[in-house]
Each structure stands twice: as C-alpha cells, then as structure tokens.
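Subject: Structure for your files

Hello,

The structure we talked about is below. My notes on its strands follow it.

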Amino acid sequence: MTHTLKRTFAVLLLAIFGSTILYNCEPDPDSLGEQLFNQDAAQGKETPYELIAYNIDNHDSIRSDASRLINLLNTQGTSTSIGVLGAFTENKFGMQKASYLTQLRMPTDNFDFNGPNAKVDSVVLVLRMPANTADDTYYLADSLKAPGAYDNNDFLIGNEKVPVSIEKKTYPVRKYGKIGGSSNSMKINVHEITTFIDPSSKTFMRSNVSVSTGALLGSAVFDGNVSSVTVTKKSDNSNVFTGNLGFRMQLDKDFFQTRIIDKKGKPELQDAANFIRYFKGIKISADETDKYLFQFSANDMELIMYYKYDKTDNGVVTRPQTSLAFNLGAANAHIGQYEYNRTGSEVAEALKISSADNGDSKLYVQGMGGPSIGIKIPESTINALKDLYQKDKAGIVSAKIRLYVDPETWSNKHSVAGDRKFTILPADDKKGVDGELVSSAFTPDLLAGFTMYYYNKSPEYYDFVVTKTVKDIVETAAANKTLLINPGSFVKNSSGSLLGPKYTTRAFDMNRTIFTGSLDKTNANRAQLRVTYATKKN
C-alpha cells in the first residue's frame with residue numbers, strides 16, 4: 001500500500017470511528033473497531049477472503065433518454081446533459097457506435113417568418129462541446145463557418161462582402177479510440193427521422209432504440225480539433241461574428257425551404273403537437289465504424305435557419321436577413337442510440353460462459369450499455385467473519401473489494417486511466433422490467449459519507465470501500481446483497497448532493513476496463529475481499 005493510500009486509510013478510519021472513541025473507555029467487539037486507536041488494547045490485521053466476481057450481460061442496452069444523460073442539475077432544475085458521437089472497434093469489446101436522436105420544435109406556434117416571400121439563405125447545426133477538464137479547453141471541429149460564407153478574408157454581411165480579419169484558436173480534442181493520422185478525421189451525418197418519437201413510451205427510452213431515417217440533411221468532417229473563431233472588420237476593427245466553441249454543420253437549405261417556410265400558415269406549423277409529428281426529428285451519427293468516440297453538450301446544441309424576407313418601409317421594399325432558432329430544449333425527446341457488434345470479440349466469449357455461482361476469470365465492464373460486474377460475498381466468507389466476531393471478539397475496522405486491472409487489457413495512451421470512474425451499488429431483490437439487475441439504494445458506506453473507492457497506480461487496482469456493508473451483514477444480520485460495479489459517477493446537483501442511485505453518468509461514459517476475476521484461485525491478483533479487523537490483546 002502506498003504512503004498516500006495508508007494516510008488516506010488512516011483518515012478514513014478516524015472519520016468512521018472517531019466519534020465512538022469519545023464515548024467508550026472499554027472497547028467491545030461491536031464498537032466499530034475503535035480498538036485500533038488504543039495501542040495498548042488491540043492490534044489490527046488485514047486478511048484476504050474469497051468472493052465471487054462475475055460478468056453481467058446487459059444485452060448492450062441501457063436507459064439513455066434525457067433523464068439519464070444528465071451530468072449536473074443546477075439550482076433552477078435545469079440539467080447539463082451529455083451526448084456521445086462516433087464509433088470505435090477493437091478486439092476486446094468489439095465495435096461500439098454512438099448516435100444521437102432529438103426532436104425539435106418551432107420557437108412559436110404559427111410562426112409568420114416576419115413577412116412575405118421568405119427565402120432560406122443557410123441552415124446550420126451547432127454542436128457545443130463540454131469542457132476538457134484536463135486542459136481547460138473545449139471541443140470543436142476545424143470546419144467552423146459563420147452564417148453565410150467567408151473566403152479569402154471577405155465576409156458576407158447582408159448582400160455585401162467586406163474585408164475582415166479572422167482569428168482562429170485550435171486545440172486537440174480528447175478522444176476515446178484510435179488516435180492520429182487518418183483516424184483524426186471522422187465524417188458526421190445528419191438525417192431526418194421518419195419515426196415518431198413518443199417520449200412517454202419505454203420503446204424510446206433505451207439505447208438500442210430503432211428508428212427509420214429519410215433525407216440526408218447534411219454532412220461534415222470532424223477533424224479531431226477544437227477551435228474558436230472571431231471575425232472583425234478591417235476598416236474599424238468592429239466585431240462581425242464570434243464563433244463560440246462548437247462544431248458547425250451546413251444543412252440542406254432547400255429541404256428547410258420546402259418543409260418549413262413553404263408550410264407557413266398550414267396545419268403542420270400550427271402547434272408543437274402537429275409539428276413533431278410532421279418533422280419528427282434528426283439523427284446525428286458517424287459515417288465510419290472504427291475511429292473514436294467524443295462527447296458533446298446536448299443542452300447547448302443549436303439548429304439555426306438564416307433567411308431573408310420582404311420588408312416595406314415608406315413604400316421601399318428591402319430584404320433584411322434574420323434567423324430562426326429551432327427549439328431543441330427539454331420539452332423534446334432526446335436519446336443516445338448505441339449500436340454494438342461483438343462478433344469475435346473477447347467479451348462476447350466471456351459473457352457466454354459467465355457464472356454467477358463460480359465467478360469468472362476476467363471481468364469486463366463498459367459504459368453505455370456494456371457489461372457490468374457482479375460481486376457476491378459467499379456465505380463461507382460471512383460465516384468466517386462471524387466466527388471471528390463472536391468467538392475472538394474481532395471488530396471489523398475496514399473492508400474493501402480489491403479489483404486488479406488485468407495486465408493484458410486493451411490500452412490506449414490517449415485514453416487516460418484517471419478518466420475512469422466507477423459506481424458500486426447493492427442490487428435490489430426484484431429485477432427491472434427487462435430482467436436486469438437494478439439498484440434503488442446506495443450502499444451503507446456511501447450513505448455514511450465514506451469514500452467510494454481508492455485507486456492504486458502500480459500495481460493498478462481499485463479498492464471499493466464496503467466497511468459498513470460488511471459490518472452490517474456480520475454484526476446485525478443485514479441482507480447480503482449482490483453488489484453491482486459500473487462505469488460512471490453519481491450525478492450531483494449544484495450544491496454537491498447526489499440525485500439518487502439511478503442517476504449516474506453510465507449512459508454516456510465512454511470508458512471500458514478489464515479486471516482480473518475471482519475464478520483462478522492460484523492468481524495472487526484475483527478479486528478478493530480484504531478485511532482489517534482488531535482483537536483485544538490478552
């Protein structure tokens with residue numbers, strides 16, 4: 001154990017047991033192990049115990065509607081949501097492809113387009129990227145363009161091109177997948193959706209949802225970089241356009257002329273209920289199957305239609321340009337759509353032979369609907385701990401599930417291990433509607449405010465804290481439930497409180513990890529329960 005981990009462990013013990021020490025002079029075996037802090041009375045010992053660690057097949061499906069794409073909830077009740085795009089293939093987990101489905105609405109009912117003879121100039125879809133917390137930069141593509149067009153330092157303002165200065169700042173994006181060379185460029189497509197999305201239907205809540213698509217509305221190449229653009233007039237240095245960080249794609253203006261503007265005054269634009277059944281939404285997807293995954297900020301996405309119309313002032317007709325921003329907000333359905341091809345992959349073979357009774361040799365865990373890890377503490381282990389507690393007056397002061405990262409796991413130097421986050425939850429007795437293991441409560445340890453896990457870099461392992469969980473089983477006959485380990489972290493509100501056990505970032509977590517399982521009893525790095533207990537000296 002590293003010095004830092006030892007120090008953290010000592011702080012954890014003090015936080016757990018400090019208040020009990022204040023009120024007990026003569027320690028009892030059920031006093032949460034405070035004997036460790038009385039050097040004349042007790043001694044501590046860490047002992048490994050067997051457990052059963054196995055793979056859980058989630059059938060590549062997860063709830064991924066707007067209620068599960070939440071990354072943060074602010075004080076106004078508005079969430080920061082994350083979508084994932086891209087595709088990546090490797091031999092451990094196979095192919096994973098992420099697309100995004102969303103409805104859109106007109107800004108108001110019976111929109112009149114400001115006047116007659118409206119004509120579309122351009123339509124732009126903007127994907128805003130979340131902060132890259134490692135470098136405090138943002139995601140963007142190199143294909144950013146302002147409304148209209150600019151070329152050779154000329155910028156179109158109304159009907160006039162003026163000389164401008166263009167300042168562009170570019171940063172590398174953090175990807176998950178293949179890096180460098182031709183892998184940087186990935187084609188992104190936008191299609192019309194022709195299936196009505198009913199957000200109240202369970203069919204449209206899960207990641208393996210199937211929808212039909214119609215017209216290709218636009219394509220652009222995302223080059224793996226993030227940029228911002230500022231355009232200023234050369235004549236007076238005034239700002240003409242600021243391209244906030246985002247990936248901008250030009251869409252088919254003729255489609256929007258026919259489907260939107262030409263429907264002015266007709267039932268299709270009468271109200272939102274009619275509109276979402278007429279224009280059912282858009283699908284954003286990668287054209288390839290083996291590049292990389294990246295995230296974008298779903299709440300900040302924009303779809304803007306720029307157009308001109310007739311305006312008459314004192315008998316003079318002009319054609320001013322204006323814009324219409326479609327409503328892509330919370331009233332619409334949003335779904336992360338994930339596709340997998342596991343054929344020939346290592347995880348596919350492992351899931352075929354997975355055993356919840358005997359455990360597995362390797363553990364595969366993947367976000368966005370991939371497999372989970374199940375942990376069972378066998379009755380033989382619980383009975384051994386009960387014997388120590390009852391016969392030897394041993395008090396448990398620490399219990400943790402140690403999982404070693406498998407040394408043969410797929411790795412990528414651009415996919416940082418520190419990005420990995422995990423949750424651990426007790427499984428409910430009753431399964432979910434799709435037969436999946438679900439959790440409706442936190443572990444007793446998390447409820448008590450204990451750190452969920454510790455990470456050790458070399459050798460690489462994670463220690464999941466289950467001290468109170470195990471103590472409750474051993475000392476108070478609490479239920480010995482299966483524990484579920486998944487990628488992602490718990491979602492918090494702006495004050496730092498957790499929203500609840502079902503609210504995690506698992507639905508858009510791009511990471512995957514392989515751990516050493518519990519099946520091979522000759523492997524010193526197998527999954528184990530490590531318990532530290534103290535007994536009174538004679």
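Strand β4 (residues 79–90) pairs with β5 (residues 94–102) in the antiparallel sense over five bridges; strands here are DSSP runs of E, at least two residues long, numbered from the N terminus, and two strands count as paired if DSSP finds at least two bridges between them. A hairpin of three residues joins β4 to β5, and A87 stands opposite K97 in β5.

This is a predicted model, in which local features need pLDDT of at least 70 and side-chain atom pairs count only at pLDDT 80 or more, while totals for chains, interfaces and linings use all residues. Residues are numbered from 1 along each chain as its sequence is written, and side-chain values use heavy atoms, with hydrogens and water left out.

Eight bridges join β5 to β23 (residues 334–341), antiparallel, with T102 opposite H334. Three bridges, also antiparallel, link β5 to β18 (residues 282–286), where Y100 has I284 as its bridge partner. Nine of the nine residues of β5 are buried, that is, under 20% relative accessible area with a 1.4 Å probe, protein chains only.

Elsewhere, four strands form an open sheet in the order β2-β25-β30-β27, with antiparallel pairing. β2 (52–56) and β27 (422–426) are at the edges with a single partner strand each, so one side of each has no neighbour in the sheet. The twist from one strand to the next averages 25°, with axes as lines fitted to C-alpha atoms and angles running from 0 to 180 degrees between N-to-C directions. β2 and β25 (residues 372–376) share five antiparallel bridges; I56 has S372 as its bridge partner.

Regards

Note on methods
Buried < 20%, exposed > 50% of the residue type's maximum accessible area, 1.4 Å probe, protein only.
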